Amino acid sequence: MSDKALSFEEALARLDSIVRQLEKGDAPLDQALALFEEGTNLIGRCTKMLDEAEQKVVQLKKGPDGEPVEVPFDSEE
């Protein structure tokens with residue numbers, strides 16, 4: 001399964017597994033490097049998913065005084 005097919009929770013669980021493996025310190029160098037690379041890719045993916053979720057939750061709109069106000073994304077105002 002590729003990173004792109006993982007949900008946020010699955011990616012976070014895989015990242016936790018990678019950290020545990022690397023903390024043991026018994027992986028051969030080539031495997032440790034592959035795990036490290038996979039972990040950094042997962043961190044980027046999780047960060048992107050969190051950013052996208054935040055964009056969906058809050059939408060900036062112009063308030064009555066012209067200043068931006070935060071409203072729930074599903075608000076119809």
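Two helices and two strands make up the secondary structure of the chain. Read from the N terminus, the elements follow the order α-α-β-β. The model is a predicted one, and the chain has an average pLDDT of 85. Three salt bridges are present in the structure, and the largest nonpolar core consists of eight residues.

**Confidence**

- A pLDDT of at least 70 is reached by 79% of the residues.
- Among the elements, helix α1 has the highest confidence, with a mean of 96.
- Confidence is lowest in strand β1, which spans residues 58-62 and has a mean of 64.

**Chain as a whole**

- The chain has 77 residues, and 17% of them count as buried.
- Among contacts in the chain with a separation of 6 or more, 38% are between residues 24 or more positions apart.

**Nonpolar core**

- Nonpolar side chains tend to be buried together in soluble globular proteins.
- The largest nonpolar core here is made up of Leu6, Ala11, Leu15, Ile18, Leu35, Leu42, Cys46 and Met49.
- Helices α1 and α2 are the elements that give two or more residues to this core.
- Helix α2 provides the largest share of the core, with four residues.
- Methionine 49, one of the core residues, touches Leu6, Ser7, Phe8 and Ala11 when residues up to four places away in sequence are not counted.
- Two of these partners of methionine 49, Leu6 and Ala11, also belong to the core.

**Salt bridge between the helices**

- Side chains of opposite charge can pair when their charged atoms come close.
- Glutamate 38 and arginine 14 form a salt bridge through their side chains, with an N to O distance of 2.8 Å.
- This pair links distant parts of the chain, since glutamate 38 lies in helix α2 (residues 29-57) and arginine 14 in helix α1 (residues 8-24), 24 residues apart.
- Glutamate 38 has a relative accessibility of 25%, so this residue counts as partly exposed.
- Arginine 14 also counts as partly exposed, because its relative accessibility is 28%.

- Arginine 20 and aspartate 16 form a salt bridge in which the closest N and O atoms are 2.9 Å apart.
- The two residues are four apart in helix α1, so about one helical turn separates arginine 20 from aspartate 16.
- Arginine 20 counts as exposed because its relative accessibility is 52%, and the cut-off for exposed is over 50%.
- Aspartate 16 has a relative accessibility of 37%, and therefore counts as partly exposed.

- The side chains of glutamate 52 and lysine 48 form a salt bridge with an N to O distance of 4.0 Å.
- That distance of 4.0 Å still counts because the cut-off for a salt bridge is within 4 Å.
- Glutamate 52 and lysine 48 are four residues apart in helix α2, and therefore about one helical turn lies between them.
- Glutamate 52 is partly exposed, with a relative accessible area of 39%.
- Lysine 48 counts as partly exposed at a relative accessibility of 48%.

How values were computed: Residues numbered from 1 in each chain as written. Predicted model: local features only at pLDDT ≥ 70, side-chain atom pairs only at ≥ 80, totals over all residues. Heavy atoms only, no water. Buried < 20%, exposed > 50% of the residue type's maximum accessible area, 1.4 Å probe, protein only. Contact = heavy atoms within 4.5 Å. pLDDT = per-residue confidence, 0-100. Core = buried A, V, L, I, M, F, W, Y, C linked by side-chain atoms within 4.5 Å.
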